[in-house]
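Student: I am new to this structure and would like to learn how to read its features. Please show it to me first.
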Amino acid sequence: MTPILYCGVPLGAEVLRRAGFAPALSALGPRDLPGRRRLGRLLPNVWTMPNLGGDAFLAEVDRLRPEALLAFFWPKKIPKSLLSRVPAFGTHPSLLPRHRGPDPYFWTLRQGETQTGVTLQRLVEAYDEGPIVATRRVPVRADDTAWSLARRLDAPALELLVATAAFLSRGWMPTGTPQPPGATQAPFPSAEDLRLDWNRPARELEALVRAASPQPGAQALFADTPVEVVRAKAVDQAVPAGLRPAEAWRSEGMWFVRCAEGALRIDRLRDVEGRALEPGSLFERQRMHRGEKAGSVGIEAKDREH
């Protein structure tokens, strides 16, 4: 059997093992993920969060001489000293060269895209710039959050990993093709990226809420209280006369915020420490501040039924 070096979360090693391609050497991480100890009993040579460029690990790689390295969510950069020893392949949860970087889920949803996927790439020293070996396309659902999209992309990514192991077992070494132009970046979102700007259309803000859910949450100030909006829905609700963007009203027991176009129904909130909040309690409190000017991230509650 072709010896494989695996680097990544325990799930990838377990899927390879069950498919008949148990890695000869595994670097598993992070430390707190389930399945690591069990795989330590089932696989022949398991290391937990080793220094992949350290002398001890490289000595083990030189001893075993694996045919290839397969990576699935390894949390650190794979060093050049290891990449120079063994051909390496990894999956990325976007259709490269679009959304290179650590958080493609956020940017896929934030930008309202209707299709994404996973890419198997030949790993090079620069992040997400290696030749493309294969892709799998996945539609984005209208109710996807960052979490649900990540979960749905796991299956096709693991299928590509197993397919690569199968090709290696038959003596075929994938080479891939260079990435086309048009690369975009997908960094972790900044505080500004997460801010709900009520002067934008409601559908854009719903996309931001879904992109930031469940973590870190879209950010706003309700009644001078910083909150994280976890669930919200853009609606075509008729807006009471006189309301401006960033002002809220109640209708049929639900709370809505006017946006530049349409309104955002606020379904679930939490405070900055992760505790659930009732939208009504915050908006009612804002009645005490009616004389204040409503800002782009401030809410002035209007005590109106519509």
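Student: By class, how many nonpolar, polar and charged residues are in the lining of the largest cavity?
Tutor: A cavity is a set of points on a 1 Å grid over the protein atoms alone where a 1.4 Å probe fits but cannot get out, and lining residues have an atom within 4 Å of a point. Ala, Val, Leu, Ile, Met, Phe, Trp, Tyr, Cys and Pro count as nonpolar, Asp, Glu, Lys and Arg as charged, and the others, Gly among them, as polar. Here the lining of the largest cavity has six nonpolar residues, two polar and one charged. Before going on, note that this is a predicted model, in which local features need pLDDT of at least 70, side-chain atom pairs count only at pLDDT 80 or more, and totals for chains, interfaces and linings use all residues. Residues are numbered from 1 along each chain as its sequence is written, and side-chain values use heavy atoms, with hydrogens and water left out.

Student: Which residues line the largest cavity, and which element gives the most?
Tutor: The lining consists of Phe73, Thr91, His92, Pro93, Tyr105, Val118, Leu153, Asp154 and Ala157. Helices (H or I, at least four residues) and strands (E, at least two) are DSSP runs, numbered from the N terminus. H6 gives the most to this lining, with three residues, and S5 and H6 each supply at least two. The volume of the largest cavity is about 40 Å³, a volume being the space filled by probe spheres set on points joined across faces, edges and corners. One cavity of 30 Å³ or more is present in the structure.

Student: Where does Thr91 sit, and is Thr91 buried or exposed?
Tutor: Buried means under 20% relative accessible area, exposed over 50%, and partly exposed in between (1.4 Å probe, protein chains only). Thr91 is in strand S5 and counts as buried because its relative accessibility is 16%. Contact means heavy atoms within 4.5 Å. Beyond its neighbours within four places in sequence, Thr91 is in contact with Ala71, Phe72, Thr119, Leu120, Ala157 and Leu161.

Student: Which peptide bonds are cis?
Tutor: One joins Leu96 and Pro97, with omega about 15 degrees; Pro97 is in the loop between S5 and H5. Another runs from Ser213 to Pro214, with omega near 5 degrees, and Pro214 is in the loop between H7 and S8.

Student: What is the volume of the largest pocket?
Tutor: A pocket is an open set of grid points with protein on both sides within 12 Å along at least five of seven lines. The largest pocket has a volume of about 1,300 Å³. It is lined by 46 residues, and the closest to its centre are Phe73, Trp74, Pro93, Pro102 and Tyr105. H6 supplies the largest share of this lining, five residues. By class the lining has 30 nonpolar, seven polar and nine charged residues.

Student: And what is the volume of the second largest pocket?
Tutor: About 170 Å³. Its lining includes Glu206, Val209 and Arg210. Helix H7 (202-211) and strand S9 (225-235) are the elements that give two or more residues to this lining, and S9 gives the most, with four.

Student: How many residues of H7 are buried?
Tutor: Eight of its ten residues are buried, so H7 is mostly covered. Among the elements covering these buried residues are H5, H6 and S9.

Student: How many residues are in the largest nonpolar core?
Tutor: In soluble globular proteins, nonpolar side chains tend to be buried together. A nonpolar core is a set of buried Ala, Val, Leu, Ile, Met, Phe, Trp, Tyr and Cys residues joined through side-chain atoms within 4.5 Å. The largest one here has 59 residues, and those that touch the most other members are Tyr6, Leu70, Leu196, Trp198, Phe222, Val229 and Ile266. H6 gives the most to this core, with eleven residues. A second, separate core of 18 residues includes Ala71, Ile78, Leu82 and Leu83.
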